[in-house]
Amino acid sequence: GYDGFAKMVAVQLIARALVFPFAHRIAERVGLERMLVGSIVVIALVAGIWGDTASYGPLVIAQFLSGITWACYEFASFQLLLTSTKPSHRCEFLAVAASLGGLMQLTGALIGSFLLTRMHFSYREVFTVSAVARCLPLVLFVPMVFERSGDREPPVLDVAASQVRASLAPA
């Protein structure tokens, strides 16, 4: 019920709050790109745990792990966006990135709902689809990790967010 859901959300938020102050140290040790890729992998694995667990205890552990991982993901992705975007475009670019992130969360929820109600998928099947979909960003980020050396500066994005919006607009 709702109480169980609220407790799960609280566990994740507490884990995020505990780990986020240490995210910079983690990034210094492993690098932002590896931190980002590693967190994407664990985020996908956690979705698999949700679909394969029937009892409360493993779900609490999965939620705690999820909170840790999302803190690392958010730190790494934000830092990479900041360091790869010209100062004059940062505000727009971060707004576009945040909007796309929210849109992807909504899209995932709608697809999951559709699979459950219209396609009659089980929760296990929906979370399996979710885990696979959560791995899709790895196609973009894994090559970046292996191609960059640790002492090179990240490439600067010289594209204004308004140009990105224009390219996404329907013709």
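A polar contact is a pair of N or O atoms within 3.5 Å; within protein, one must be able to donate a hydrogen and the other to accept it, and residues adjacent in sequence count only if both atoms are side-chain atoms. The model is predicted, and local features need pLDDT of at least 70, side-chain atom pairs count only at pLDDT 80 or more, and totals for chains, interfaces and linings use all residues. Residues are numbered from 1 along each chain as its sequence is written, and side-chain values use heavy atoms, with hydrogens and water left out.

I begin with T53, in the loop between α3 and α4; helices here are DSSP runs (H or I, at least four residues), numbered from the N terminus. A polar atom of the T53 side chain lies 2.6 Å from the backbone oxygen of I49. Leaving aside neighbours within four places in sequence, T53 is in contact (heavy atoms within 4.5 Å) with P58 and L59.

How do the two helices pack? Helix α3, residues 32-51, and helix α4, residues 56-83, have axes 8 Å apart, at an angle of about 150 degrees; axes are lines fitted to C-alpha atoms over the stretch in contact, and angles run from 0 to 180 degrees between N-to-C directions. The pair is therefore roughly antiparallel, a term for angles over 145 degrees.

Finally, H120 is found in the loop between α5 (90-117) and α6 (123-135). Phi of H120 is near 60 degrees, a positive value. Most residues other than glycine have a negative phi. H120 is exposed, with a relative accessible area of 63%; exposed means over 50%, with a 1.4 Å probe and protein chains only.

Definitions and conventions
Parallel < 35°, antiparallel > 145°, perpendicular 65-115°, else oblique. Buried < 20%, exposed > 50% of the residue type's maximum accessible area, 1.4 Å probe, protein only.
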